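Open the structure in your viewer and keep the selection tool at hand.

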Amino acid sequence: MHPALQGLITIIVGVGGCVGYFYFSNQFLDKVLFPATGKNAGRNINRANQIRPWLFLFPALFALGLYLAYPVVATLWLSVTDRDAGGAFVGLANYRQMFDEPKFWEAMSNNMLWLIIVPAFSTGFGLLAAQLTDRISWGNIAKSLIFMPMAISFVGAAVIWKLVYDTRPVDQDQIGVLNAIWLGFDGGFMSVVVLKLVPALVLIVFAAFLAYSVYQIVRSLTRGGQSHSATPWWGLVLRGLFAVVAVVLVWLSLRSTVSLLSATLPYGEPQTWLTIPFWNSIFLMAVLVWIQTGFAMVILSAAIRGIPEETIEAAVIDGANPFQIFFKIKVPQIMGTIVVVWTTITIVVLKVFDIVFAMTNGQWQTQVLANYMYDKLFRANDWGVGSASAMIIMLLVTPILIWNVYNARKETR
């Protein structure tokens, strides 16, 4: 059969099936199940009207159940069975095997690093771009350029950035932008300023910001009394966890600062950037930050434009400067939107696969959970461990999804 004719028949059958379902189900409800006749006509009409929306929603709910709920249940079952043993139930053996593998913990630690850096920088850059582009005449052009990477697939973006990080032998011309810049440094005064002092200053400022956040959290937790009465228990737990993570990051930042200042940099030699542990993960994250900044900018720009002008005019009359207006008037009013953008990017980060697969394939200590799952499922054919890692990803994503839905409903109210 000709493909065009086959497609036409499929459309006719699909559309006709939907029309037939709604027509006959409606007839069955009104004529057979709850007929609007006899002494119970009024009650039947009410019952039919209560059931009718669910009857119409049933195909969509069934499809969602089939395509969302069933894969979750099937994956959970695969994670506690051994496919090579005919699907025998093995309990948590696959999970124990996964937890014993160093690659899994490498993927977990890298994912944690992605979760800290990518949402923070994407949201920060997006907020900065939203604020700045609203104040210039060619702001719409700038927004279009910043949003453009959102139209590129992750694999396409990875190919573009692979050219940025490209490395050629010493006796050949470098086409990678990063190596072209790197070879411009010769170890002189400007090399020390740009490659050591400026990054060290950024790390120190980052550590100071985190230390101040920890101080504020500890101060609020130890204050007790009425200040905690309006905070739910899980809010206090989250604050405590954030404080612990922040302390670790302060220590890592200070240690990195010392390492950076004492390091001997190989000036004049082209670098294979994607094979340098730790920094190669940062280079991969730059791709996702580049893509997600446009998304954050669009959402936050809409939120900033929704701020009532009266509050800003009142702040201007009271003598507030632009920084005070931004940080004390605008940011608090759009904090709910910032949280939604942050958590949405966090979910994207937990699912990141394409960029790592296309640029390093998880080599040189850049493994992430989604790529680890792909390796287990389709390269090692270890369906048990692969499914177990899929369940771990789902467990990590679920609380953030619930938090997002909760915040969306709160904003709607």
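Select helices α6 and α11 and look at how they cross: the crossing is right-handed. Please keep in mind as you look that this is a predicted model. Helix α6 covers residues 154-164, and its axis lies 10 Å from that of α11, at an angle of about 125°. The two helices are therefore oblique to each other.

Now show the side chains where they meet. On α6, pick F154, A157, A158, I160 and W161; on α11, pick A286, V287, L288, W290, I291 and Q292. Which classes of residue make up this contact of α6 with α11? There are 10 nonpolar residues, one polar residue and no charged ones.

Next, widen the view to the largest nonpolar core, which has 64 residues. Helix α11, residues 279-305, gives the most to it, with 12 residues.

What does V118 touch, beyond residues up to four places away in sequence? Its partners there are M285, L288, V289, I345 and V349. Another core, of six residues, lies apart from the one you are in; L210, V214, A246 and L249 are among its members.

Let's move on to some loops. Most residues other than glycine have a negative phi, so the next two stops deserve a look at the backbone. Select F278, in the loop between α10 (233-262) and α11. Its phi is near 75°, a positive value in a residue other than glycine. Is F278 buried, partly exposed or exposed? With a relative accessible area of 43%, F278 is partly exposed.

Then go to N361, which sits in the loop between α15 (354-359) and α16 (369-379). Here phi is near 55°, again positive in a residue other than glycine. N361 counts as partly exposed, at 25% relative accessibility.

For the last stop, select E101, in the loop between α3 (93-99) and α4 (102-133). E101 counts as buried because its relative accessibility is 17%, and buried means under 20%.

Note on methods:
Residues numbered from 1 in each chain as written. Predicted model: local features only at pLDDT ≥ 70, side-chain atom pairs only at ≥ 80, totals over all residues. Heavy atoms only, no water. Core = buried A, V, L, I, M, F, W, Y, C linked by side-chain atoms within 4.5 Å. Buried < 20%, exposed > 50% of the residue type's maximum accessible area, 1.4 Å probe, protein only. Helix = DSSP H or I, 4+ residues; strand = E, 2+ residues; numbered from the N terminus. Contact = heavy atoms within 4.5 Å. Axes fitted to C-alpha atoms, helices over the stretch in contact; angles between N-to-C directions. Parallel < 35°, antiparallel > 145°, perpendicular 65-115°, else oblique. Left-handed = near helix turned anticlockwise from the far one by under 90°. Nonpolar A, V, L, I, M, F, W, Y, C, P; charged D, E, K, R; others polar.
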